[in-house]
Amino acid sequence: MDEDMDNMVKEFTDVLEELTFNSKPIITTLTKMAEENISCAQPFVEALENRISKCVPTQKLCAFYALDSICKNAGSPYTIYFSKNLFALYKKTYLLVDNTTRSKLISLFKTWMMPTESTGAPLFESAALTRIENFLIKASALHQKNYQSKLPTPTIPLLLADIDRLTKLTEMRLQKSPTDSKLNVKLQVLGQLKQELQKGKLGLPALKQVQLQLKEIFSQDQQLIQQQMDFKARNQQRQQMGPGQGQGSAMMRPDGRDSDSQASHSTTPISLFDTTNGPNVSSLFGSSSGVLDTKSIREAERSNKKAKLESLYKSLGESGLLFTPSQESIVTLYDKVRPKGSNSHDDTPNIVLPPVRLLEDILFDCKAYFANVNINISAIPSLSFSQYNVTADNLVVQNNLIHLLYRAKSNKCSTCGKRFGNSNDEKRLFSEHLDWHFRINKRIKGSSQVITSNGAAAGATATQKNIQSRNWFLRDEEWANFKDSIITSTRFNSDPDENRNNKRRDNRRRNRNDDLREPGNNYNGSTSVNMSPGDSPALNEVTLRNLKVVVPESTENMSFQCPICKDSLDAVYDEDTGEWIWRNAVEINGKHFHALCYYESVKNNSNEEERNLGLQNLQRLIK
Amino acid sequence: MSFLPGLVETTAVTDLYVDTNEVHREKIPQGTIWKIKVPADSKMTINIVSGIAEIFGTELANNVEYSFSNWNFSIYAVEEVHLEWKGSDPHPIVEDEDLISNRTAKYIYNLHFSLDKMRSTSFEGPNILVIGNKGSGKTALCRTLSSYSIKFKAYSPMFVNLNPQEAVFSPPGCLSATPISDILDVELPIWGQSMTSGATALHTKQPILKLFGLEMIAENPQRYLQTMDSLASVINSRLEKDSLVQRSGCIIDTPPLGQLSDDLHELVHIIQKFRINFVVMLADVDNEEDTATLEKVTPLAKSLVGDFFVKIPRLCGVIPSDDVYMRSLQRSSIREYFYGNPGTALSPFSLSLDFEDLVIWEPKNVLSNGETAVENNEILNLSQVSISPSSVQHALICITHQDKHAKQEDVANAAILGFALITEVNEKRRKMRVLLPVPGNFPNNACILTSYRYLE
């Protein structure tokens, strides 16, 4: 296995060595090998990375093409592995190669940013791509500065010569298409420019500005040439804004240079504008005048692009190719709501939208609510029971009423799927229902702690596993008098389980069964205190449970152990009084007890005096 | 082993490699039903990832793992559902037609809302009877209607099961009535739990049971009618006292029409005794059996409820069931009664009894007692069972609320206290082991033998 792998890696490296020129077959071979030997992905990646960093600069691009091909065809895990060192590799290479290669690297990088068809995400990890992007932005800014300083000092004769050349070119073009009035305008502009230059009154800084601006406009024109070739229709659009900016002649230059990136063509066109411009140039080049540093030049470029895009958009709109969102569409609304002054495309990644499912849910809930908000079921004639009504397509049922069963009640219990509505009553029921699930689940898990702190089974021993059995069924008359609300109530005070226990106890008594369940009996006895007739009516289970003791400041761990049942009781925060309290607790002569435990033990005290004393204590506390 | 003849063919190799933990994903488009068969020996868990899914009208919670065993059912996607399922059976789905459009959903919705309208306009709710041939979806319709009834308003319809072979909230062999006061348990073919002594994940239900005891209605039609009468009378007294249930009305499930006598006098009896005002028949017009039955039923029903007799097509989610499946459902309902289910484990109680401790009665079976023609006036009488391994071994017996020494006519219609299972009979020592649902001594009550046997 390992040997196979080693062989494979060696073969891969050998093929890689042959990649000294841009050879499609070699790259294809490498890609195939990578695709077929995913298990060797890591060594392959290492080999390729080595190759890129070690080979001579002229061959680096080919190696990058191989990387690109492997990642695009084989995909993961290569993309993941390459993402790790991608930035360092790319940066190193970029800094070593010449401008032409750089532009090719940039166009390669652009393809990486496109979402791939299979995953819908960019090819590599976004972190790596973002770093490269930032690097490229910095590099090109730097490039621009260098380039500015390298420009020849503009002199009037040089500029004049270039204008002459441009004029000639434009004239030639005019002969080919004499109807084009735009070209005439361009000629006029160039003539004006020439006159201004001949006056020779411009200072050097002004000339420099003009030179740069012309260069920028020219480079934009280069891009337009490409577009023009693809979309003849666009040509006209572009020319409409052309004359004002004096760009028309440049784009006519029949140059064969590849213009796929700004970096490459930005060096050449300057030769056209080697001479200086006049002071009133700013009136000719209105939109870009007064722009001084590279930063503002780029801004100008951006606004120019934007203008072109807008005109393209307009023309598409006019020809009916665009869908215009209506006034109340979500897109329009979003545009209005969106914070002003922010750049939309810079912000979008930062807005984290909830999952589509959730949004859909909310939308459906709203729809359901409005679908039946004014529906009165008893007033719909098509709901009366008849053969026709039951078997026909009833639109009221299908469009409105059906929601009553589902989304009209938008609070769906995540445990059992039962639905609750949004009115206050329903919300209360919902929260009681959730509490009930919580209590029941705790009990099913057999956890005694929570129950104790809730006071539901105070005084119970810790051995409360949820051991249960089927109940006997009821007699006819018992069943006829039975109310299901006893089972289904989720309210705390009428805990279904207690009632159930009571019922079972009744059942048992009725059947005169001998009780074989002494251990369990303890527990039952404590959940429902049977009051003897002599008790004060105030001394019932509920009032006892409601007794509470404010936690003394001297306590260390917020809990105490009931001396009777040996269970410890944790403090809870009481919202009403704003204090930490022990529920279901009493303080008798400085000692703390569970209220129910104390009551039970007092009640069962054989000494009558002590019993009365204890009961009096409790009575006092309740008052 | 392959050299042994006959062994080669039976070795099912494929099953050995089924990964029970493999998560399968399924998308159910809106308005379709996904039919599922989970055989008795396998298990399936379903987790609804998104969307609204329901099983017989009960909506499933999302992102909760539901587990199913020994049940054929279908999931209906009210809105597009994405779910994940795992299972020991690689094909829990009914092949070829597992995803079909729910053409009959609209009838159920129409029915439900017309019932809801009646509930909102009258204090006396609708009593609706569902009839149809075998496998037409009667119980599914009743279950769905019951589930819908409690969804929007807190109604509590009374579900009445008149099919003794069907086990709903109880072991088989009974006729029962249960107020549906809360959500049903989607995992259980028996709809939900009857009451237990402890905590259950869902609210339990409190049914009233009346024992028929035999399997087929034809084995003692008179006893069937008598059992039904006593059920009807206790239901009526409940309805008088429970205004909520009265307002919500009754939803009544029936045995397949084929099991009733030819003149359908049982049907007339049901309609009168349970004060039925609406009858729904599930029947397809292109089904010969259904058209024949329709011809018989229509004039009868029209004469009793008039225009409130409605025919709708058979439900399209129905999965045809056979006797083996019926038996396995009955078995699991008996197990459920004593042992609960994985969610709620119950602890039954086993004890030893002398033969003399038990008094067991038995309803007469007209079909098997061929040698002595049963006198008409004696057909309702119970006969005492002499305890022997052959007569009571593994039998499910019903403990009544009547005293051990009560007269047989009192025992015959007594309320049911519960059931017990005779697990072992030792004739020599005249002892037997009995499984009781509730810990304690064996109640000092009379018992009735049922036709159902359960071997653990």
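**View 1. The crossing of α3(A) and α4(A).** Helix α3(A) passes α4(A) in a left-handed crossing. The model shown here is predicted. Helix α3 of chain A covers residues 41-54 and helix α4 of chain A covers residues 57-74; they pack at an angle of about 160 degrees, with their axes 8 Å apart. An angle over 145 degrees counts as roughly antiparallel, and α3(A) and α4(A) are therefore roughly antiparallel to each other.

**View 2. Residues where α3(A) meets α4(A).** From α3(A), the residues in the contact are A:L48, A:R51 and A:I52. They meet A:K60, A:A63, A:F64, A:A66 and A:L67 in α4(A). By class, this contact of α3(A) with α4(A) has six nonpolar residues, two charged and no polar.

**View 3. The side of chain B that touches chain A.** In this interface, 67 residues of chain B are in contact with 60 residues of chain A. Elements of chain B that give two or more residues to this side are the helices α2 (105-121), α4 (221-241) and α8 (323-339), together with the strands β11 (208-211), β14 (309-312) and β21 (416-426). The most comes from α2(B), which gives eleven residues. By class, the side of chain B that touches chain A holds 35 nonpolar, 21 polar and eleven charged residues. For the complex, the predictor gives an ipTM of 0.89 and a pTM of 0.58.

**View 4. Residues 1-16 of chain B.** Over residues 1-16 of chain B, pLDDT stays under 50. The model has three contacts beyond four places in sequence for these residues. Chain B averages a pLDDT of 86, and 92% of its residues score at least 70.

Terms used: Residues are numbered from 1 along each chain as its sequence is written. Chains are lettered from A and ligands numbered from 1 in the order in which they are written. This is a predicted model: local features need pLDDT of at least 70, side-chain atom pairs count only at pLDDT 80 or more; totals for chains, interfaces and linings use all residues. Two residues are in contact if their C-beta atoms, placed from the backbone, lie within 7 Å. Helices (H or I, at least four residues) and strands (E, at least two) are DSSP runs, numbered from the N terminus. Ala, Val, Leu, Ile, Met, Phe, Trp, Tyr, Cys and Pro count as nonpolar, Asp, Glu, Lys and Arg as charged, and the others, Gly among them, as polar. pLDDT is the predictor's confidence in each residue, from 0 to 100. Axes are lines fitted to C-alpha atoms, for helices over the stretch in contact, and angles run from 0 to 180 degrees between N-to-C directions. Angles under 35 degrees count as roughly parallel, over 145 as roughly antiparallel, 65 to 115 as roughly perpendicular and the rest as oblique. A crossing is left-handed if the near helix is turned anticlockwise from the far one by less than a right angle, and right-handed if clockwise.
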